[in-house]
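Here is a structure to get to know. Take a first look at its sheets and helices before reading on.

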Amino acid sequence: MTRALPLPALVDERPGAGFLVTPRTLIAAPAAAAAAAERLAEALGVERDALTDTQDAAGGIALRLTAPVADLPAVPESVDREAYAITVGEDGVVVTASDVAGLRHGATVLAQLAEPVGGGLLLPALRVEDRPRFAWRGLSLDVARSFFPVASIHRVLDVMASLRLNVLHLHLTDDQGWRLEIASRPRLTELSGGTAVDGGDAGFYTAADYARIVDRAADLGIVVVPEVDVPGHVNAALHAEPALNPDGEPVDVYTGTEVGFSRLRLENAETVPFLTDVFTDVAAMTPGPFLHLGGDEPLSLDGDEYVALVDRAVEAVTRTGKRAVAWQEAARTSLPAGTVVQFWHEQQDADVVAAAAAAGARVLLSPASRAYLDMKYDEDSPLGLTWAGCLTLDDAYGWEPLETLPGLDAAHVAGVEAAVWTETIHTDDDLFSMLLPRLAAFAEVAWTPPHRRDLAAFRERLDVVRARWTAQGLAADPR
Ligand code: TNX
């Protein structure tokens with residue numbers, strides 16, 4: 001049994017004793033992969049001074065770049081950057097990739113392959129050749145209903161990296177709170193950083209906090225996609241920026257869990273400057289190429305006004321040089337080619353999303369019945385919602401992304417993204433017990449070729465991972 005999770009595309013077990021790791025095992029890596037090499041050393045119990053940046057680690061472990069980094073297309077167009085291979089023999093271990101992204105995955109998998117033997121660690125003799133199935137393998141985290149501080153986000157990022165997920169989508173604004181400091185509009189966090197859903201924590205990220213999130217993510221090969229949700233889900237903005245309201249008065253704080261009642265107004269002269277300021281500032285803080293503009297559940301907006309407001313938001317995003325991401329409702333507007341459309345509500349808009357894809361959009365699949373990790377496991381779950389049904393571990397594992405949206409051409413799929421909304425999820429233990437173990441199932445759906453998936457074998461590999469989570473103090477649902 002290989003201990004790697006998600007399961008790699010190819011694992012070829014070889015005869016021989018494997019490679020015995022000692023605290024003095026040399027680990028060689030190019031400077032660009034130094035952080036990955038350090039994490040590997042720590043996981044394998046190798047002393048730091050056994051790390052070297054030469055390409056030669058005869059008798060040790062070598063991480064090697066095999067081609068120039070530059071010309072490979074990135075997420076969401078290609079998985080090539082993330083491909084890697086591992087060879088473990090008695091006299092050495094070599095991880096190769098044509099990009100640092102692949103080397104990172106190779107190092108992560110290598111650390112997982114190590115088996116404890118008589119006080120040391122053994123890497124079994126084998127060859128791994130691997131690349132992800134989907135380029136975009138994300139997790140969307142709602143920090144707007146309940147706030148989670150930087151330390152929590154760092155723990156989420158570490159878990160994501162171990163599961164070879166590569167996009168953290170932060171839902172930063174909603175009716176209940178505004179979580180990212182905006183330099184040109186300080187009132188947003190001054191007033192609405194201090195509110196949250198009933199029972200949840202309030203708070204916000206300063207620019208420096210946010211930098212600590214995107215930096216750690218970059219170290220782990222994870223792209224941060226910030227979401228500012230417009231033109232609905234804006235009560236926190238309407239509370240902090242009274243000029244956005246028809247009477248110029250602030251609306252009340254909202255701490256409930258209804259959706260669809262708040263909205264921007266096209267006829268208000270302050271609306272477009274607000275969009276421009278916010279997206280310009282968020283873009284300036286965000287190294288990744290994407291900004292998510294929300295666009296979901298415009299229940300109190302008439303169709304034409306919704307379309308016009310989404311157009312303005314897309315314009316504000318595009319002007320920053322970033323690529324727009326939007327929830328599926330925005331597919332009925334005219335989106336620039338390459339916009340990422342996120343499909344979540346399986347009973348709505350399938351044809352509209354498929355048509356947008358045919359017209360040049362990239363589709364991100366987050367079908368709520370399989371990918372919404374805020375759904376209860378079963379009726380006895382103390383936390384979570386049920387509007388998309390209950391979601392057991394087995395159901396989180398046993399689905400086929402390309403069957404979720406009829407009429408969608410696989411070539412238009414950017415990838416898959418899980419989501420966790422925090423109406424009922426307030427603490428780290430709440431959060432991790434909803435994510436784990438289902439996020440591991442999701443990650444294998446996202447990474448592993450479908451013919452390789454096997455529920456019983458997954459559950460066996462999961463036992464090893466559960467022990468790791470326990471050691472790290474991460475709550476996981478036992479079912
Ligand atoms: C739907 S998914 C929402 C969120 C809720 C979530 C709860 C989406 C785009 N909108 O506002 O938090 O359901 O599961």
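Predicted model: local features only at pLDDT ≥ 70, side-chain atom pairs only at ≥ 80, totals over all residues.

Residues are numbered from 1 along each chain as its sequence is written, and side-chain values use heavy atoms, with hydrogens and water left out.

**Open sheet.** Seven strands, written as 7 strands in the order E1-E10-E6-E7-E5-E3-E4, form an open sheet with mixed pairing. Strands are DSSP runs (E, at least two residues) and helices are DSSP runs (H or I, at least four), numbered from the N terminus. Two strands pair if DSSP finds at least two bridges between them. The edge strands are E1 (10-13) and E4 (51-52), and each pairs on one side only.

**Barrel.** Another 8 strands close into a barrel, ordered E11-E12-E15-E16-E17-E18-E19-E20, with parallel pairing. Neighbouring strands here are turned by 25° against each other on average, direction ignored.

| Pair | Sense | Bridges |
|---|---|---|
| E6 (84-89) and E7 (92-97) | antiparallel | 5 bridges |
| E11 (136-142) and E12 (167-171) | parallel | 5 bridges |

Ala-85 stands opposite Thr-96 in E7. Gly-138 stands opposite Val-167 in E12.

**Helices.** Helix H1 (34-44) lies across E3, E4 and E5, at about 160° to E5. Helix H3 (150-162) lies across E11 and E12, at about 150° to E12. Angles run from 0 to 180 degrees between N-to-C directions, with axes fitted to C-alpha atoms, for helices over the stretch in contact. Contact means heavy atoms within 4.5 Å.
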